[in-house]
Amino acid sequence: MVAFLAATFLSACQSMIEQTYEPTVSPSSNPQIVEEVQKNDPRAQLGAREHPRIVASYGGEYKDAKTERLVARITGALTAVSENPQQSYRITILNSPAINAFALPGGYLYVTRGLLALANDASEVAAVLSHEMAHVTANHGIERQQREEAEVIASRVVSEVLASNLAGKQALARGKLRLAAFSRNQELQADVIGVRMLGEAGYDPYAAARFLDSMAAYARFTAVDPESDQSLDFLSSHPNAPQRVDLARRHARAFGPEGTSGDRGRDYYLAGIDGILYGDSPQEGYVRGQTFLHGQLGIRFDVPVGFQIDNKAEAVLATGPGDIAIRFDGVADTAGRNLTDYIASGWVTGLQPDTIRPISVDGLEAATARASADRWDFDVTVIRIDNRIYRFLTAVPKGSSALEGTASQLRGSFRRMTQAEVQSLKPLRIRVVTVRSGDTMATLAARMMGTDRKLDLFRLINAMQITSTVKPGDKVKIIAE
């Protein structure tokens, strides 16, 4: 999404004499667009060089006209009170469930659809964007770029992407951390500037502290270990230290006591994100409880009870009790190789050749084998569908008796989806609903899909506490098809 945010005033007059007046307004043959304004800006050139890699690493752009207009409206209000109102911005909504936002030199702003889904009003998104815009106006990106010799990093990322898809994904992930890494002083400076912009733009100045708390709560909810979240989300590069939250609240007090100043913009915000995609995109498949389904590939399988599935771009990962781990992915097979030969072709470390044997899975050609390396024992299962080979790798601590049972359950659950199943599979979305008489948090949460922790997630996405209540007429978010 490209939004050139500049103050434009249009006026029209109606003649009392010329009652047959016809407007002659037409599109400009030389419109002002972000690319034109930025083409001679060396800072914008730095951002332009990184832009394609950022978009690729976050699953592409998320296209939705209603949501794009919402983000443009928020950014426009902030631009008018920024330290550089003439700065043009290219705003991109990233098609990722991650909770993140960041900026590149020259006015490249990014926000994920995951962050928009978590926020509950315009002021919360404004708080994040004003912080990132502060980095742009303070030229923090230029300082960071010089420190880290970004041209070398960028070249390395390009070569790794071209050499290997997986290596490219890993390089892009590392690049995301580098691109988002500002110094502590720069973060504190952006915090102060951001809160000032919030208040002067007419938004709730306390939104920054409030949304930092929401993001921290969501990180704890989604982390396998609640005390150690290693994700690449916003809080990985923007530490949620208590003193930063306190600092945001202290600067917000300059605009008055909490709840007395600024507009949260809740109604128009909820209208703008109603229907936004939530969680996995169709291109990456879906996780529904213990089941992974991919409509475009037409496959599905189940992991054992007690396992948690993590659907990543490069593979589906699952972890379970007893340090058991599962990896599932697929590779192209245009040569049509025999599957026992494929297993033995050198891509499995520690393979035990005498364990390789052909099997059948859901009537499909398959093969399995065992491997052992370091402290782990592995089951390797490969299954062919047309010109693609799907691979299960199950790992258990050496000597564990759980290997055969886990691998056997995975193999037994893998099957092709029926046409009816494919057609019925729909992505999850944020749905804004109005509370009716008789509704409670429990009854509203019961309508949630895609999670077995419905009430907890309902509270999280609506920024509610255990003691919170709902009343008729309130608008709340649920996750549904």
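The lining of the second largest pocket has six nonpolar, four polar and 10 charged residues. Here Ala, Val, Leu, Ile, Met, Phe, Trp, Tyr, Cys and Pro count as nonpolar, Asp, Glu, Lys and Arg as charged, and the others, Gly among them, as polar. The model is predicted: local features need pLDDT of at least 70, side-chain atom pairs count only at pLDDT 80 or more, and totals for chains, interfaces and linings use all residues. Residues are numbered from 1 along each chain as its sequence is written, and side-chain values use heavy atoms, with hydrogens and water left out.

The second largest pocket holds about 590 Å³ of space. A pocket is an open set of points on a 1 Å grid over the protein atoms alone, where a 1.4 Å probe fits, with protein on both sides within 12 Å along at least five of seven lines; lining residues have an atom within 4 Å of a point. Grid points are joined across faces, edges and corners, and the volume is the space filled by probe spheres set on the points. The lining comprises 20 residues. R459, N462, A463, M464 and Q465 lie nearest the pocket centre. Helix 10 (207-222) and helix 18 (454-461) each supply at least two lining residues. Helix 10 gives the largest share, six residues. Helices (H or I, at least four residues) and strands (E, at least two) are DSSP runs, numbered from the N terminus.

Helix 18 also has a buried side. Its buried residues are L457, F458, R459, L460 and I461. Buried means under 20% relative accessible area, exposed over 50%, and partly exposed in between (1.4 Å probe, protein chains only). These buried residues pack against helix 4 (113-118), helix 10, strand 15 (429-434), helix 17 (441-445) and strand 16 (475-480). Contact means heavy atoms within 4.5 Å. Just after helix 18, A463 takes a positive phi of about 50 degrees.

Two aspartates also have positive phi. Most residues other than glycine have a negative phi. D374 has phi near 50 degrees and lies in the loop between strand 11 (364-373) and strand 12 (376-385). D374 is exposed, with a relative accessible area of 74%. D386 has phi near 55 degrees. Its place is in the loop between strand 12 and strand 13 (388-397). D386 counts as exposed at 68% relative accessibility.

R411 lies in helix 15 (residues 402-413). R411 is buried, with a relative accessible area of 10%. Its side chain makes a polar contact with the side chain of D379 at 3.2 Å. A polar contact is a pair of N or O atoms within 3.5 Å; within protein, one must be able to donate a hydrogen and the other to accept it, and residues adjacent in sequence count only if both atoms are side-chain atoms. Not counting residues up to four places away in sequence, R411 touches I359, V361, T368, D379, T381 and E404.

Two threonines were examined. T340 is found in helix 14 (residues 339-343) and counts as partly exposed at 21% relative accessibility. The T340 side chain makes a polar contact with the side chain of N338 at 2.3 Å. T340 also touches I356, R357, P358 and A367, residues up to four places away in sequence being left out. T340 and V382 are 42 residues apart in sequence and 8.9 Å apart in space, C-alpha to C-alpha. T112 lies in strand 3 (residues 108-112). T112 is buried, with a relative accessible area of 0%. Beyond its neighbours within four places in sequence, T112 is in contact with Y58, L94, S96, A98, I99 and N100.

P282 sits in the loop between helix 13 (266-273) and strand 4 (286-288). P282 is partly exposed, at 26% relative accessibility. Its contacts, not counting residues up to four places away in sequence, are L277, H294, Q296 and P427.

For the protein chain as a whole, the secondary structure comes to 18 helices and 16 strands. Of its 481 residues, 50% count as buried.
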